[in-house]
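Visitor: Hi! I'm new to this one and would like a tour. Can you put it up on the screen?

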Amino acid sequence: MGKERYSILFSSMTGNTKELADAIREILPEETLDYFGLCKDADPQSEILYIGFWTDKGTADEATTTLLKSLRNKKIFLFGTAGFGGSEEYYQKVLHNVRENIDPSNQIVGEYMCQGKMPMAMRERYVKMKEAPNHKPNLDMLIENFDRALSHPDKADLEKLQKSVLR
């Protein structure tokens, strides 16, 4: 992204989005970094903001949404993780919902999403729900998705993110 001053701001409930933030930090020049840390603690002054979120009910988490709504005249690169999904179509829906919180004075310069692992308590809850006599038919699919997500973000996810940032 050139020699512009930048900040990497993120919200990470399970550590997935922080992994993405760390991967971005690895490839950008440290000398132009103004801030690296949580969205809720930030007062972003940089020209470009790399903003990371975890997906909550199909959009960014509350801390990230609050930050995004406050920004004006910034270049923004969005990055996020979602436990559910795994498809580009789903990620695009999430990103669309996230962009709804961004003032038009800002410029979105890039976006990236990947799957992220979820807390084990969620899988245990699905298994317990499956024991009920009239359980929802999609529980097997939810358990399969949970198991697929356990390895994410993986090395390929992080490399793809880094390539997206360097474009």
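Visitor: Leaving aside its neighbours within four places in sequence, which residues is Pro153 in contact with?

Guide: Pro153 touches Asn16, Glu19, Leu20, Cys114, Gln115, Gly116, Lys117 and Leu158. Contact here means heavy atoms within 4.5 Å. Before we go on, a word on the basis: this is a predicted model, where local features need pLDDT of at least 70, side-chain atom pairs count only at pLDDT 80 or more, and totals for chains, interfaces and linings use all residues. Residues are numbered from 1 along each chain as its sequence is written, and side-chain values use heavy atoms, with hydrogens and water left out.

Visitor: Thanks. Where does Pro153 lie?

Guide: In the loop between α5 (139–149) and α6. The element names follow DSSP runs numbered from the N terminus: helices are H or I runs of at least four residues, strands are E runs of at least two.

Visitor: And is Pro153 buried or exposed?

Guide: Pro153 counts as buried, because its relative accessibility is 6%. The cut-offs are under 20% relative accessible area for buried, over 50% for exposed, and partly exposed in between, with a 1.4 Å probe and protein chains only.

Visitor: What kind of peptide bond joins His152 and Pro153?

Guide: A cis one, with omega at about -5 degrees. As background, most peptide bonds are trans. His152 is in the loop between α5 and α6 too, and at 16% relative accessibility His152 counts as buried. Beyond its neighbours within four places in sequence, His152 contacts Asn16, Gln115, Gly116, Lys117 and Asp157.

Visitor: Asn16 again! Which residues of helix α1 are buried?

Guide: In α1 (residues 16–27) they are Asn16, Thr17, Leu20, Ala21, Ala23 and Ile24. Looking down the axis of α1, these buried residues fall within an arc of 160 degrees, so they line one face of the helix. That arc is taken from the directions that run from the helix axis to the C-beta atoms.

Visitor: What covers the buried residues of α1?

Guide: The cover includes β1 (6–10), β2 (33–38), β3 (48–56), β5, β6 and α6 (155–166).

Visitor: Let's zoom out. How many helices and strands does the protein chain have?

Guide: There are 6 helices and 6 strands. Along the sequence they follow the pattern β-α-β-β-β-α-β-α-β-α-α-α. The chain's radius of gyration, taken over C-alpha atoms, is 17 Å, close to the 15 Å that the globule rule (2.2 Å times the number of residues to the power 0.38) gives for 167 residues, so the chain is as compact as a globular protein of that length.

Visitor: What share of the 167 residues is buried?

Guide: Buried residues make up 44% of them.

Visitor: How do the strands go together? Say, β5 and β6?

Guide: Strand β5 (residues 75–82) and strand β6 (residues 107–115) run parallel, joined by 8 bridges. Strands pair if DSSP finds at least two bridges between them. Ile76 stands opposite Ile108 in β6, and Leu78 stands opposite Glu111 in β6. β5 also pairs with β3 in the parallel sense, over 7 bridges, with Gly52 opposite Phe79 in β5.

Visitor: Is β5 enclosed or open, then?

Guide: Largely enclosed by the rest of the structure, because 7 of the 8 residues of β5 are buried.

Visitor: What do β5, helix α3 and β6 make?

Guide: A right-handed β-α-β unit, in which α3 covers residues 88–99. Right-handed means that, with the strands pointing away from the viewer, the path from the first strand over the helix to the second runs clockwise.

Visitor: Which residues have the most contacts inside the largest nonpolar core?

Guide: Ile51, Phe53 and Leu78, in a core of 19 residues. A nonpolar core is a set of buried Ala, Val, Leu, Ile, Met, Phe, Trp, Tyr and Cys residues joined through side-chain atoms within 4.5 Å. β3, α2 (62–70), β5 and α3 each supply at least two residues of this core, and the largest share, 4 residues, comes from α3. Apart from it lies another core of 17 residues, among them Tyr6, Ile24, Cys114 and Val165.

Visitor: One last thing: what is the phi of Lys57?

Guide: Near 55 degrees, a positive value in a residue other than glycine. Lys57 lies in the loop between β3 and β4 (59–60), and Lys57 is exposed, with a relative accessible area of 79%.
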